[in-house]
Amino acid sequence: MTLIFAHRGAAGTHPENTMAAFIEAEKAGADGIELDVQLTKDGEVVVIHDETVDRTTNGNGWVKDMTYRELRRLNAAAMWDGKHGHCPIPHLEEVLAWLSSTRMVVNIELKNSLIAYEKLEQKTIALVRRYGLEKRTILSSFNHNSMRLCRKLAPEIETALLYIEPLYDPWTYVRAMNADGVHPHHRTVTAEFAAEARRRGVAVRPFTVNKRNVMKTMFAYGVDAVFTDYPRQAKQWKEKTP
């Protein structure tokens, strides 16, 4: 049964990576949420996708150059013309505290490919453990060295490798990385790939699936989960799929 993960929350209808988007994802019946984490200048773990605040807020500058207090003043719903009011950039702890009262799974993507945030892995893992969410958390990143470190630091938490281009001999690579799953771009996923992953016990969760025909194809392949900006729509499509 393919699970529905709300990509950056319900990012298609709500401000991405905000509590409003995550709460909507739960209301929509999503099985899990996906979010991105980075570190502030004063070392706090915040939930935001881009390395700068320019695209998603009414501010500008690098996340790494701003304190947590400075970031909290910004409105992460600024691009929605007042529809969602003021949505601050969440602290990861805020999201996990809320999530612990739900039944959803969380995929935490570490955004440390462009900027090598020191101790991002350790701080993220510490927060997951604080809320007892080890078995409901997946850690992922395009930075596979980071995933190898997470596996070493927290063998009890799932790790998954993000990638866009097809991997050569992916099964040997996944085994070498000691990862639990792969999060490929959906266009690289074939029926054969999904079947082989299932045979080998490797979870496959393609991103970002927003079109109905692609979604139905992923359901047909039997992938473990899909990441989508429209969890409510995806759930409806899933219920109508034979």
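Predicted model: local features only at pLDDT ≥ 70, side-chain atom pairs only at ≥ 80, totals over all residues.
The protein contains nine helices and nine strands. Its radius of gyration is 17 Å, close to the 18 Å that the globule rule gives for 242 residues, so the protein is as compact as a globular protein of that length. Along the principal axes, the C-alpha trace spans about 50 × 40 × 30 Å.

The packing of two helices was then examined. Two packed helices are described by the angle between their axes and by the distance between those axes. Helix 6, which covers residues 170-177, packs against helix 7, residues 191-200, at an angle of about 35 degrees. The axes of helix 6 and helix 7 lie 11 Å apart, and the crossing of these two helices is right-handed. On the side of helix 6, the contact involves Pro-170, Trp-171 and Arg-175; these residues meet Phe-193, Glu-196, Ala-197 and Arg-200 of helix 7. By class, the residues of this contact comprise four nonpolar and three charged, with no polar residue among them.

Rolling a probe the size of a water molecule over the atoms shows where empty space is left. A search of the whole structure finds one cavity of 30 Å³ or more, and the largest cavity holds about 50 Å³ of space. The lining of the largest cavity is formed by Glu-16, Asn-17, Val-47, Ile-48, Thr-56, Thr-57, Ala-76 and Ile-89. Four of these lining residues are nonpolar, three are polar and one is charged.

Key:
Residues numbered from 1 in each chain as written. Heavy atoms only, no water. Axes fitted to C-alpha atoms, helices over the stretch in contact; angles between N-to-C directions. Helix = DSSP H or I, 4+ residues; strand = E, 2+ residues; numbered from the N terminus. Left-handed = near helix turned anticlockwise from the far one by under 90°. Contact = heavy atoms within 4.5 Å. Nonpolar A, V, L, I, M, F, W, Y, C, P; charged D, E, K, R; others polar. 1 Å grid on protein atoms, 1.4 Å probe; cavity = no way out; pocket = protein on both sides within 12 Å on 5 of 7 lines; lining within 4 Å. Points joined across faces, edges and corners; volume = space filled by probe spheres on them. Rg over C-alpha atoms; globule rule 2.2 N^0.38 Å.
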